[in-house]
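Thanks for coming. I will keep this short and go through one model, with the sequence and the structure on the screen.

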Amino acid sequence: MTPGRTLAASILAEVESGRRLDVAWEASSAASSPERPWIRNLVYGTVRLRGRIDHLLARFTARPPAEFDPPVRIALRMGAYQILEMGGVPDYAAVSQAVSQVKGTRSRAAAGLVNAVLRKVAEHGRDRSHFPAPATDLEGYLTTWGSHPGWLVRRWIRALGPEAARALVEANNREPDIYLRPVGVRRSEAVRLLAAAGICPEGSDDEDAVGRCIRLRPRANPASALALVPGVIQDPAASLVADYAAPDPGSLAADLCAAPGGKALALSETAAAVVAGDLSPRRLARVAEGAARRGARVWPVAADARFPPVREAATVLVDAPCTGTGTFRRHPDGRWRVAAADIGKLAEVQRAILDGAASVVPRGGLLVYATCTLEPEENRCQVESFLVRHPGFRIDPGSGTANFLDGKGCLRVLPHESGFDGAFAARLRRTD
């Protein structure tokens with residue numbers, strides 16, 4: 001079995017055991033491997049299209065893939081993805097490597113089954129008739145070919161309508177672009193440096209379209225970009241949240257759910273200083289490292305966001321824990337981890353954090369509530385409920401990010417409309 005496939009299988013095994021994909025990827029040696037793009041395509045693609053692959057595998061096995069031992073399931077999924085999506089890999093190589101993969105595990109007796117199933121995938125798997133037709137069974141199509149859990153597909157069809165739900169699922173299955181937001185340097189200068197090194201295209205995207213972010217070339221290494229330009233790797237949706245927050249120049253800001261620290265660094269360009277709180281000391285260490293590397297005025301502190309570590313701050317950002325349904329392009333494992341019950345559970349957590357954050361916002365100050373989910377219970381409904389409990393606050397849309405404001409002055413970024421991650425934010429001004 002090739003070293004690249006061995007690395008990919010080990011990462012997927014960690015994801016099977018419950019570890020987040022991005023954490024498993026960053027902790028592995030694959031991130032620094034010369035085969036990095038190929039391995040990432042295999043790992044992330046296998047997770048992203050798991051629903052499609054499992055539906056197809058079930059047509060050629062006596063039982064669904066979920067019932068196989070993890071080593072067998074991983075080998076089948078990896079092999080099928082290479083056959084169906086990685087044109088540079090010959091079918092025979094994908095099959096033989098998957099067989100070798102299983103032979104090296106405790107499930108070696110299943111090598112014959114893996115060989116037989118993947119040969120059928122190579123021969124018949126490209127036939128789209130194996131999947132429901134969108135015209136007659138849109139839910140089935142988006143669940144199988146679209147590779148999303150059925151409960152979420154049904155929810156989006158009801159909330160967005162059939163066409164928008166299909167567009168959203170299709171957007172989630174595209175490989176996301178990588179963006180860098182410069183910190184402490186003019187965007188034009190950052191574009192010049194990155195373009196000269198071949199890391200971003202000449203005449204990079206217009207600032208009105210992507211904010212301060214700069215789109216990197218598809219195979220560019222983010223570490224190389226950060227070595228040239230001080231900044232953070234950040235999707236434009238997250239960058240727009242920081243721009244929407246717009247703390248008053250020279251004021252104190254508090255980011256109460258700060259890790260991994262990108263928004264805190266962005267706020268530090270305007271605010272006099274940013275108190276960056278987070279419940280996890282391990283994740284907070286990343287915030288401290290990023291701030292120190294860039295000399296940013298960010299003060300990390302371990303704290304529960306329900307009990308803010310400041311008495312008062314002119315701008316308080318609550319980038320709340322959420323279901324993350326707006327980031328499935330970038331975090332494809334999220335679609336398989338989140339459950340319908342999580343929406344209500346997280347809404348309760350968000351409510352408690354918002355109430356705690358409101359207590360340290362002075363008159364005239366701002367409370368900015370943000371999520372990367374698309375679900376109304378965590379967004380619009382959460383804000384409406386907060387305003388009932390705290391009538392001394394009102395929505396203040398500010399003067400920036402006008403292209404992404406909804407009818408009530410809240411920031412709303414949708415993946416299928418913007419090409420970015422999904423995001424929501426409400427800028428709440430205290431007036432009492």
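What follows is a walk through a few local features, starting with a strand and its neighbours.

To be clear at the outset, this is a predicted model.

Let me begin with β5, which covers residues 273-278. How many of its six residues are buried? Six of the six are, and the strand is mostly covered. A273, V275 and G277 point one way from β5, while V274, A276 and D278 point the other way, and all are buried.

Now the strands that β5 pairs with. Strand β4, residues 252-255, pairs with β5 in the parallel sense, over four bridges. Within that pairing, D255 has A276 of β5 as its bridge partner. V274 stands opposite V298 of β6. From β5 the chain crosses through helix α16, residues 281-294, to β6, and this β-α-β crossover is right-handed.

Next, some backbone geometry. Most peptide bonds are trans, and most residues other than glycine have a negative phi. Where is the cis peptide bond? It joins A259 and P260, with omega at about 5 degrees. P260 sits in the loop between β4 and α15.

Two residues are worth a look for phi. S147 is not a glycine, yet its phi is positive, at about 60 degrees. S147 lies in the loop between α8 and α9. Is S147 buried or exposed? S147 counts as buried because its relative accessible area is 0%, and the cut-off for buried is under 20%. A246, also a residue other than glycine, has a positive phi near 40 degrees. A246 is in the loop between α14 and β4, and with a relative accessible area of 33% it is partly exposed.

On to a helix pair. Helix α3, residues 36-48, packs against helix α5, residues 70-85, at an angle of about 115 degrees, with the axes 9 Å apart. That makes α3 roughly perpendicular to α5. The crossing of α3 and α5 is right-handed. On the α3 side the contact is made by W38, N41, L42, G45 and T46, and on the α5 side by R77, M78, Y81 and Q82.

Last, T327, in the loop between β7 and α17. T327 counts as buried, at 10% relative accessibility. Setting aside neighbours within four places in sequence, T327 is in contact with C372 and D421.

Notes: Residues are numbered from 1 along each chain as its sequence is written. This is a predicted model: local features need pLDDT of at least 70, side-chain atom pairs count only at pLDDT 80 or more; totals for chains, interfaces and linings use all residues. Side-chain values use heavy atoms; hydrogens and water are left out. Buried means under 20% relative accessible area, exposed over 50%, partly exposed in between (1.4 Å probe, protein chains only). Two strands pair if DSSP finds at least two bridges between them. A crossover is right-handed if, with the strands pointing away from the viewer, the path from the first strand over the helix to the second runs clockwise. Contact means heavy atoms within 4.5 Å. Axes are lines fitted to C-alpha atoms, for helices over the stretch in contact, and angles run from 0 to 180 degrees between N-to-C directions. Angles under 35 degrees count as roughly parallel, over 145 as roughly antiparallel, 65 to 115 as roughly perpendicular and the rest as oblique. A crossing is left-handed if the near helix is turned anticlockwise from the far one by less than a right angle, and right-handed if clockwise.
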